[in-house]
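Hello,

Here is the structure I promised to pass on to you. Have a look at it first, and then read on for what turned up when I went through it.

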Amino acid sequence: MTVLQPDTPTETEAKIVAAAIQCFVRYGARKTSMADIASAAGVSRQTLYDSFDGKDGLIRAAIRFVTDQSLQKVREGVAGLSDFADQLDVYFQHTVIESFELLQTAADMEDLMAGHNAAGKEEIEASHQRHEALMTELLMPYAAPLESHGLSPEAQAHYLIVVIMNLKYSAQTRADLDGLLATLKTGTLAVLKG
């Protein structure tokens with residue numbers, strides 16, 4: 001059984017995961033069948049099952065793929081940026097804003113947001129932990145100002161990721177999301193200034 005790892009999927013696995021993501025967005029994970037995914041990927045159902053352990057495996061792989069892609073975009077985007085405000089803008093764009101826009105096109109947004117089932121929820125939690133690790137890295141240069149407020153880079157990263165991940169689900173419109181992100185950014189930068 002194949003477990004999709006960052007940067008290591010075969011061409012067929014990547015095609016299947018991309019098709020699964022399209023189907024999950026179009027129909028919702030609950031209503032998407034393995035036949036839908038096989039058809040969209042242009043592979044047989046046997047190939048699908050040879051590559052992934054059913055729909056749970058595909059849900060996990062899809063969440064992992066989206067996480068890999070967004071974190072890679074953030075890492076590339078923040079390379080060479082020393083200002084946390086700029087880094088936060090890059091993070092917001094490639095995680096919250098792009099996810100929000102994708103969710104707006106979903107047939108069953110609630111299904112996608114909830115992770116569909118236990119496997120999806122576990123993978124979403126693992127994704128959030130990866131986001132926290134990256135945010136902690138970005139906050140490390142600000143350990144002293146954070147400590148002056150009784151915080152640590154890890155605690156601030158946890159707070160930010162919990163808030164950020166919920167914003168993409170709770171914002172009513174893109175303008176609402178932009179306003180919420182601006183408020184979060186302003187508050188975070190105020191804390192970092194000591």
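**Overall shape**

A compact globule of 194 residues would have a radius of gyration near 16 Å, and the chain has 18 Å, which agrees. Please keep in mind that this is a predicted model. Along the principal axes, the C-alpha atoms fill a box of roughly 60 × 35 × 30 Å. The secondary structure comes to 10 helices and 0 strands, so you will be reading helices from one end to the other. Of the 194 residues, 45% count as buried. Among contacts with a separation of 6 or more, 68% are between residues 24 or more positions apart.

The UniProt record (an unreviewed entry) places the feature "domain: HTH tetR-type" at residues 10-70. In the model that span is 80% helix and 0% strand, and its end C-alpha atoms lie 19 Å apart. Over residues 33-52 the chain is 75% helix and 0% strand, with 14 Å between the end C-alpha atoms.

Helix H2 covers residues 34-41, and Met34, Ile37, Ala38 and Ala41 are buried in it. These residues cover an arc of only 100 degrees around the axis, which puts them on the same side of H2. What do they pack against? The buried residues of H2 pack against helix H1 (11-27), helix H3 (45-51) and H4. After H2 comes Gly42, with a positive phi near 75 degrees.

**Helix H10**

At 1.5 Å a residue, its 19 residues should span 27 Å, and the end C-alpha atoms are 27 Å apart, which agrees. Which residues of H10 are buried? They are Leu177, Leu181, Leu184, Lys185, Thr188 and Leu192. Seen down the axis, the buried residues fall within an arc of 105 degrees, so they line one face of H10. The buried residues of H10 pack against H5, H7, helix H8 (143-147) and H9. On the face turned away from that buried side, H10 carries the exposed residues Ala175, Thr183 and Thr186. Just after H10, Gly194 takes a positive phi of about 90 degrees.

I hope you enjoy looking through it.

Best wishes

Note on methods: Residues are numbered from 1 along each chain as its sequence is written. This is a predicted model: local features need pLDDT of at least 70, side-chain atom pairs count only at pLDDT 80 or more; totals for chains, interfaces and linings use all residues. Side-chain values use heavy atoms; hydrogens and water are left out. Helices (H or I, at least four residues) and strands (E, at least two) are DSSP runs, numbered from the N terminus. The expected span of a helix is 1.5 Å times one less than its number of residues. Buried means under 20% relative accessible area, exposed over 50%, partly exposed in between (1.4 Å probe, protein chains only). The arc is that of the directions from the helix axis to the C-beta atoms. Contact means heavy atoms within 4.5 Å. UniProt positions are given in the numbering used here, feature names are shortened, and annotations may be inferred rather than shown by experiment. The radius of gyration is taken over C-alpha atoms; the globule rule is 2.2 Å times the number of residues to the power 0.38.
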